[in-house]
Amino acid sequence: MEKIINVILRKYSLAEARLIERAFELAQEAHQGQKRDSGEDYLIHPVKVAQILAELNLDYETISAALLHDVLEESFIKSEELEKEFGLNIAFLVQALTKLHRVSYSGEKQYIENFNKMILATAKDIRVVFIKLADKLHNLETLNSYKGDKKKFASEVLEIYAPLASRLGMGEIKGVLEDLAFPYVYPEEYREVVSITQNQIQNNKKYLDQLKPRLESMLKENNISATAITARAKHLYSLWRKLQKYDFNLERIYDLMALRVIVPSVPACYEALGILHKYWQPLPARIKDFIASPKPNGYQSLHTTVFCDHGKITEFQIRTPEMHQNAELGIAAHWTYKTNQNPLAKRFSWLKQLQEWQQQTFSAQEFWESAKIDFFKDRIFVFTPMGDVIDLPEGATPIDFAYSVHTDLGHHCEQAKVNGKIMALDHSLSDGDIVEVVLNKKKSPSRDWLNFVKTSKAKIKIKEFLRSNLKVS
Ligand code: MN
């Protein structure tokens with residue numbers, strides 16, 4: 001364990017390392033004699049959690065709080081002592097994590113309670129989520145020897161924590177959490193996916209390994225030196241979800257494996273794309289420019305699928321090192337920026353919104369019900385006529401779109417054109433639609449809209465309008 005700590009300490013300044021070391025010593029003291037279900041010393045758990053976070057390059061306060069995250073639980077240590085020795089920030093993080101740990105309900109009520117507490121805590125400090133995700137990750141890795149309800153534990157990860165990681169742009173952690181939880185929640189489906197994909201994945205890997213040097217020299221001939229080219233396999237859980245959409249026909253999944261190409265700059269990304277297309281015919285409608293139009297969680301890359309040698313369909317993902325880091329770490333790569341100058345602040349404004357709603361009208365149950373749709377449903381991205389991307393839950397309607405652009409646009413929405421055609425106001429929008437709202441200042445929201453809108457924002461605003469109009473009349 002000292003070895004792990006020493007590796008961690010090397011990443012930080014002397015003063016920072018001293019505090020982390022002190023946190024380790026206190027954790028050592030607090031967990032003295034405690035064992036995990038596996039029989040190991042309890043201390044290994046906070047140390048591993050700290051290690052995961054140090055690998056994400058998070059700051060020393062996060063690392064210290066991770067080491068201390070369970071010390072208030074069953075030991076002699078008081079939170080005032082933490083405050084005195086480690087400062088307000090670390091003490092706050094540890095307290096917030098302790099509260100998340102103490103849950104009085106089970107089943108869905110437990111989710112609701114946990115989710116509410118977490119959103120509340122993130123309003124003060126987003127690092128609560130980072131530590132919680134690392135905590136879940138290590139617990140899942142060791143879930144086999146856990147004596148409690150394994151399936152329940154893993155389900156909560158699939159339902160709450162993985163989607164949360166995804167919405168925060170933390171793609172790598174999301175994928176790992178899902179793949180670790182998958183076999184506990186859906187054991188048969190897990191075996192099935194493994195059995196139908198294993199051969200294919202292995203063959204693909206061989207094929208891509210052969211392709212790699214060719215691609216490298218191809219780029220070099222055109223004066224682009226790739227920083228890295230790696231073959232990446234799709235995570236199993238997301239593969240399973242995709243297979244369900246495609247009748248378990250593996251042939252229709254083109255991104256089972258992909259070659260990820262990292263090049264030094266944005267212009268080099270486009271050049272590399274051009275070079276690929278010069279040699280290999282691209283599949284139409286499979287070229288995606290997430291550099292010009294990033295996904296709402298911040299993801300950027302160029303994607304293309306081409307008919308490679310012998311007509312083999314192959315996906316490529318091209319990005320800069322910075323985009324790569326963002327894709328893996330999301331908000332965690334940027335958290336050090338103060339919120340008001342955070343370049344990603346707008347992208348994560350939904351989090352702020354969620355926190356505001358929580359404080360507004362909702363009961364815990366109501367909040368959960370609407371958050372489930374706003375937050376955990378698959379998202380679609382639609383466009384304004386000016387090309388701005390609006391991020392909505394699946395099944396959202398033009399009214400939801402109008403309200404998410406501006407409250408007035410919602411209130412006075414008379415008609416909606418979707419891709420140039422007039423559509424009913426309760427029409428379900430699809431990914432990529434261009435939506436234009438026709439305003440009429442004399443129009444006002446109808447109660448009937450509440451029957452089909454999907455987003456919390458639309459619901460709240462319509463209800464507010466109806467309520468204030470009742471008062472007037
Ligand atoms: Mn823990």
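Guide: What follows is a walk through the aromatic cluster, with the metal site at the end.

The model is predicted, and local features are given where pLDDT is at least 70, side-chain atom pairs count only at pLDDT 80 or more, and totals for chains, interfaces and linings use all residues. Residues are numbered from 1 along each chain as its sequence is written, and side-chain values use heavy atoms, with hydrogens and water left out.

A pair of aromatic rings is described by the distance of the centres and the angle of the planes. Rings of Phe, Tyr and Trp (for Trp, its six-membered ring) pair if their centres lie within 6.5 Å, and planes under 30 degrees apart count as stacked, over 60 as edge-to-face and the rest as tilted. By this rule the model has 9 aromatic pairs. In one of them, the ring centres of Phe182 and Tyr237 are 5.2 Å apart with planes at 75°, so this pair is edge-to-face. Because Phe182 belongs to helix α9 (residues 171-185) and Tyr237 to helix α11 (residues 236-245), the pair ties together parts that are 55 residues apart in sequence; helices here are DSSP runs of H or I with at least four residues, numbered from the N terminus. Phe182 counts as buried at 0% relative accessibility, and Tyr237 is buried as well, with a relative accessible area of 7%, where buried means under 20%, exposed over 50% and partly exposed in between (1.4 Å probe, protein chains only).

Tyr186 and Trp240 form a tilted pair, 4.8 Å centre to centre with 45° between the planes. This pair also links distant parts of the chain, with Tyr186 in the loop between α9 and α10 (187-221) and Trp240 in helix α11, 54 residues apart. Tyr186 is partly exposed at a relative accessible area of 29%, whereas Trp240 is buried at 6%. Phe182, Tyr186, Tyr190, Tyr237 and Trp240 form one aromatic cluster.

Turning to the metal site, the manganese ion is coordinated by His45 (NE2), His69 (NE2) and Asp135 (OD) at 2.2 to 2.3 Å. Donors are N, O and S atoms within 2.8 Å of the metal (3.2 Å for Na, K and Ca), and sites may look incomplete because water is not among the atoms. The donor residues are spaced H-x23-H-x65-D in sequence. His69 lies in the loop between α4 (60-67) and α5 (79-101) and Asp135 in helix α7 (residues 127-141), so this pair ties together parts that are 66 residues apart in sequence. Both His69 and Asp135 are buried.

Key: Helix = DSSP H or I, 4+ residues; strand = E, 2+ residues; numbered from the N terminus.
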